[in-house]
Amino acid sequence: MIRLSTVFWLLLVFVTGFAMFTVKYAVQSQEDELNRIKRATIAEEHAIRTNEAEWAYLTRPETLDEMNRHYLSLAPIATKQLRVTVADIPLRPQGPALAEAPPAAEPLADSGPPSAPEEPAALTVQVTPAALRVPTTPAAPGKPARAADLAKPTPAKAAVKPAMPARRPTSLDELIAQVAASR
Amino acid sequence: MVAIQYLDDDNPCRPRHFKPPPCVAIVPDGPAMAALEACRSRLLVTAVLFALVFAVVGLRVAEITLFEGGAAQSQIGRFRAVRAPVPSHADIVDRNGNVLATTLDSPSLYAVPKQIIDPAAATGKIVKVFPKLSSAEIYGKLTSSKSFVWIKRHLTPREQYDVNQLGIPGLEFEHEERRLYPDADLTSHVVGYAGIDNAGFAGVERALDEELKERREPLQLSLDLRLQYILKEELQRVIDDFTAKGGAGLIMDVNTGEVLAMASLPDFDPNHPGAPDPGHPGLTIADRMFNRNTLGVYELGSIFKIFTVAMALDTGTSTITSTYDASHPISIGRFTISDYHGKHRVLNVPEILMYSSNIGAAKMAVAAGAQKQREFLARLGLLKTPKIEISEVAAPHYPAKWREVSVMTIAFGHGISVTPLSFATAAAALVNGGVLRQATLVKLPPGYAPQGQQVISAKTSDQMRRLMRLVVEHGTGSMAAAPGYVVGGKTGTADKISGRHYAERKLLSSFVGIFPINAPKYLVLTMVDEPHPNKQSHGYATAGWTVAPATSRIVQRIAPVLGVEPVDEASPEVQRALIVESLQGKRLEAY
């Protein structure tokens, strides 16, 4: 009886001792790993700081000005270039023209030469009377609604691009997104 | 017998000759008793001490594991958690986040000569990385008996990389920091510079040194690097064109008091504050570090007339239709006040400002009186040292006794010297609806305008806007016009004092421009020191020919950056906001 309990306790001592050392070494190696990662992070942060300083140095207005003179020759925006706002730029015409464009383009893209599909599609866009009327009317608050009204009655429109927004874009990004969506 | 023997001795193995001692407790007495007691109490004390120590250890273990959640840090090197060294000073960035000042790791290289195996080969390699170092000197250092020698202080990241690539044992790096200004001289007077240990020596670096030390996030200034570049470039152009001694300029948001650009020329490179300027070897360091915007006080001349007119209109001593006889110069004491662009007739208030009449302005001020003038200038903050986030600020100069002659000269900006910054702050209050807001170099949250102080009525402010537009439309500032941006402003050409007299040939030309004047947003103040006439200016070096055209160029370049849309200046809305009723139907003389 006494011997059995001694064996039990001895076993327990060995097991717990082994478990303790295993856990200890596991924790130690994980801590080493953590410190290694932290050191690497710090090194990266230093590199980021250095790179930010370098970026600031390389993009000094002075440098950009010199590079512009060298490669681009861009001039400051003249006042007359700003007389027209984004709202004044006519949108790509909507309505029937758009409805015709995709069917015309698709079959040609499969069979015909690559240059051919461009022209007919572009022509249909330009000639449609409704399309012509939209961009030439001067900017007015009631205008977007009118453009939408013009577009709605044409039955083909809904079938082709139901997601096409009828309102005018407020930013260039929106304009680009709209143009992309209409393709 | 046997049985008794057996009974007596319960242990058969015990030798017969062994007699167990009687089991009676020995009770010692006397000294033995005392010694035993002392022994016991010592044992008790030791046991309690041990128990206490173990209790402390146990409690500490419980505290670390149970209550601190493992957050406690080991003091032993291997287990010490790695922490990023915090830069001693926070970065400074402009309003768009462009870095103006940053703290970079700049390790210094040292050697432990005892650990260098082959000094000759090491010297050759080191000199290859640092061609400027002499190999004899390095060899001497590497073979010295010292245990520590500096090879080079403040290495660049590339140099550090190269040294690491050499792989020479015995070369070590010491962690050091260095303040770096990527934009060099562009923002030198505003940002300032830091010296040893990155302590701020000038500008924002000095004034906000404590805050920069405490901050972790970058400090965002109100400056816009793009505007700063444009302002500096145009100022430099005026200085070059008119061979001036120097210049200063600032761009301010009139509705918040934020300074968007502030340039003073000549300037310096904060990365090497003491280094001479190769372009201008004659200039001293002090000259180049002098911030004309905040540390220079100047008699600004005619641009001060806007304050005279605003005072007269706001206090009610003049109205927009009041007239003053400017046909004859005023003689007072040893002074004679005459007009530079003399019209020699009776002028009304708009004309006095438009043609910049000294006589008219003097008479307006006299009509208001010394007390009102002084009070008004004090209310605009022109009689006290300006407050801003840089340490280089100067107090204004003005007469202690405000005599009648002072009243007259101050009316057209002589006899009082203020900093351009104070002037711009006060001028902004005249046009923004009458609210004086302290100028600041720290970015304010978007849409936030600090609580200001109403210094003139909104009506007077509206009148001032109309009058300042008139100066550009028909008066002395016509060359400041920037079509589409509705510039309003005032020219000022002052004779500089040399010794006790005014020097005729030494001018200080300045222009304050505000755009769009019908709904003021930005103020551009430019000033050149001692411009000389050139061929294009037909012999003039006055403000109308020097800084007014520069203001026009600046406005046309910065307006698209600031997102100010050009308007049709002839449109009815703009015209209605800027019309001066008293001049309606009157034919204006060309300036």
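In helix α18 of chain B, the buried residues are B:Val547, B:Ala548, B:Pro549, B:Ala550, B:Thr551, B:Ser552, B:Ile554, B:Val555, B:Gln556, B:Ile558 and B:Ala559. This description rests on a predicted model, and the confidence of chain A, with a mean pLDDT of 67, has to be kept in view when its part is read.

**Helix α18 of chain B**
- The helix covers residues 547–562, 16 residues in total, and spans 21 Å from its first C-alpha to its last, which is close to the 22 Å expected at 1.5 Å a residue.
- Just after α18(B) comes B:Gly563, whose phi is positive, at about 75°.

**A three-stranded sheet in chain B**
- Three strands of chain B form an open sheet in the order β4-β3-β5, and their pairing is antiparallel.
- At the edges lie β4 (149–152) and β5 (171–174) of chain B, each of which pairs on one side only, while neighbouring strands of the sheet are turned by 40° against each other on average, direction ignored.
- Strand β3 of chain B, residues 108–111, is joined to β4(B) by three bridges, the two strands running antiparallel.
- Within these strands, B:Tyr110 stands opposite B:Trp150 of β4(B).

**The contact between chains A and B**
- Chain A contributes 21 residues to the contact and chain B contributes 22 residues.
- On the side of chain A that touches chain B, α1 (2–58) and α2 (61–72) of chain A each supply at least two residues, and the largest share, 13 residues, comes from α1(A).
- Sorted by class, this side of chain A comprises eight nonpolar, four polar and nine charged residues.

**Chain A: make-up and confidence**
- Of the 183 residues of chain A, 9% count as buried, and among its contacts between residues at least 6 apart in sequence, 62% join residues at least 24 apart.
- In chain A, 51% of the residues reach a pLDDT of 70 or more, whereas over residues 99–165 of chain A the pLDDT is below 50, although this stretch has 66 contacts in the model beyond near neighbours in sequence.
- Where pLDDT is low, the predicted coordinates should not be read in detail.

Notes:
Residues are numbered from 1 along each chain as its sequence is written. Chains are lettered from A and ligands numbered from 1 in the order in which they are written. This is a predicted model: local features need pLDDT of at least 70, side-chain atom pairs count only at pLDDT 80 or more; totals for chains, interfaces and linings use all residues. Two strands pair if DSSP finds at least two bridges between them. Helices (H or I, at least four residues) and strands (E, at least two) are DSSP runs, numbered from the N terminus. Axes are lines fitted to C-alpha atoms, for helices over the stretch in contact, and angles run from 0 to 180 degrees between N-to-C directions. Two residues are in contact if their C-beta atoms, placed from the backbone, lie within 7 Å. Ala, Val, Leu, Ile, Met, Phe, Trp, Tyr, Cys and Pro count as nonpolar, Asp, Glu, Lys and Arg as charged, and the others, Gly among them, as polar. The expected span of a helix is 1.5 Å times one less than its number of residues. A residue is buried if 20 or more other C-beta atoms lie within 10 Å of its own, exposed if 12 or fewer, and partly exposed in between; C-beta atoms are placed from the backbone. pLDDT is the predictor's confidence in each residue, from 0 to 100.
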